[in-house]
Amino acid sequence: MTIKAYGAHAGDQPLVPIDITRRATGPDDVRIDIAYCGVCHSDLHQVRAEWAGTLFPCVPGHEIVGRVAEVGQAVTTFKPGDLVGVGCIVDSCRQCEECADGLENYCNHMVGTYNGRTDDAPGHTLGGYAQAIVVDQRYVLRVSHAEDDLAAVAPLLCAGITTWSPLRHWKVGPGMKVGIVGIGGLGHMGIKLAHALGAHVVAFTTSEGKREEARKLGAHETVVSRNPDEMAAHRAGLDFILNTVAAPHDLDAYISLLRRDGTMALVGAPATPHPSPQVFNLIMKRRSLAGSLIGGIPETQEMLDFCAKHGITADIEMIRADGINDAYERMLKGDVRYRFVIDSASL
Ligand code: NAP
Ligand code: ZN
């Protein structure tokens, strides 16, 4: 079927309306009428070819929520009318150790929701800035939030799981002091989730204007990282840091804040590398520097169910599809509270 979408034909071109084709619903497929799609900073990196390997036309979008329109004969767990989500993954090899462990995000053959190789035309996947999507049931998530919350659930499909997965992996919970660096789409979810998991949360921002807002999101303390005295007050005081910053910066400023055996996990994926950290800053207190990529399908479902139970959604600003280029410019300035979401009805 042919549907309306928004995408770009080259990295230096703005996003424009594009007609795209979705495959017919196969036996294991779920066709979803997309209601809303969140706008991730990764969309901007990819569509502007800041990361290597962007395939054009590029239709971004991997924070998809909507309603099931049609299911294939072999689909038993979803039916038309169900509220569902699709995140960053639409296929994987299903045979490797990572897939068996429910960590499809680390499968060598993981197919991203956009820019992934596929047999469907045009040879690569096209994402959620579109009216509909067809996805194998294995990669479709159940949404149990109230329907009124649907737009604010969309960002959980990437910003939510990308912060949830490392928070859980590094066992964040009561008795731990946790830093969240960069209060954008990912960071604001990191604050909410770390708070809900019972940790003492310290938010780090470059934006003075977010100091009070971070507290309202659930941070117990906020540090404006441009202020050296505020940073020094947390030296060797944090058990775990989740760094979501989308631009290269001095990692040592944060590594110094880890206690003995503390870890900083990087999820921000800037187009150019961070300056390499000082080895002595790591070895003196046996600190670790790590990375984490989105999350697997079972843990995404776990996160969605946790958020539904605890009444957690993203703070969003709804936009029309034709506002996407302006939204990207605002995102680059850190001027978003805290996630843009496209209303698919405007396509
Ligand atoms: P975002 O909404 O733009 O938030 C990024 C935040 O980082 C900004 O709000 C700002 O927070 C801070 N920041 C930005 N530029 C900065 C600079 N030059 N210096 C210091 N701080 C700066 O982006 P997002 O959607 O949360 O994504 C963040 C990053 O994570 C992107 O690189 C994205 O591609 C990546 N990502 C990775 C994964 C993964 O699986 N690892 C998944 C999704 C996204 P303050 O105003 O508070 O300083
Ligand atoms: Zn994303």
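Cys-40 and Cys-158 are both buried (buried is under 20% relative accessible area, exposed over 50%, and partly exposed in between, with a 1.4 Å probe and protein chains only). The model is predicted, so local features need pLDDT of at least 70 and side-chain atom pairs count only at pLDDT 80 or more, while totals for chains, interfaces and linings use all residues. Residues are numbered from 1 along each chain as its sequence is written, chains are lettered from A and ligands numbered from 1 in the order in which they are written, and side-chain values use heavy atoms, with hydrogens and water left out.

Both cysteines belong to a metal site. The zinc ion (ligand 2) is coordinated by Cys-40 through SG, His-62 through NE2 and Cys-158 through SG. The distances run from 2.0 to 2.2 Å. Donors here are N, O and S atoms within 2.8 Å of the metal (3.2 Å for Na, K and Ca); water is not among the atoms, so sites may look incomplete. Along the sequence, the donor residues follow the spacing C-x21-H-x95-C. The cysteine pair links distant parts of the chain, 118 residues apart. Cys-40 sits in the loop between β3 (29-38) and α1 (41-47). Cys-158 sits in the loop between α3 (150-153) and α4 (159-169). Helices (H or I, at least four residues) and strands (E, at least two) are DSSP runs, numbered from the N terminus.

Helix α1 also holds Gln-46. Gln-46 is buried, at a relative accessible area of 9%. Beyond its neighbours within four places in sequence, Gln-46 is in contact (heavy atoms within 4.5 Å) with Trp-51, Ala-52, Gly-53, Thr-54, Cys-58, Tyr-114 and Asn-115. Ala-49 lies in the loop between α1 and β4 (64-71). Its phi is positive, about 55°, although Ala-49 is not a glycine. Ala-49 is partly exposed, with a relative accessible area of 39%. Lys-171 is another non-glycine residue with a positive phi, near 55°. Lys-171 is placed in the loop between α4 and β10 (177-181). With 66% relative accessibility, Lys-171 counts as exposed.

The largest nonpolar core has 89 residues. Such a core is a set of buried Ala, Val, Leu, Ile, Met, Phe, Trp, Tyr and Cys residues joined through side-chain atoms within 4.5 Å. Val-39, Tyr-129, Leu-167, Val-178, Ile-191, Ile-324 and Tyr-328 touch the most other members. Ile-324 is in contact with Tyr-6, Leu-15, Val-39, Tyr-129, Ile-319 and Ile-342, leaving aside its neighbours within four places in sequence. Another core, of 15 residues, lies apart from the largest one and includes Met-231, Ile-241, Tyr-254 and Leu-257.

Two peptide bonds were found to be cis. One joins Ala-121 and Pro-122, with omega about 5°. Pro-122 is in the loop between β7 (111-112) and β8. The bond from Arg-337 to Tyr-338 is also cis, with omega near -15°. Tyr-338 falls in the loop between α11 (324-332) and β17 (339-343).
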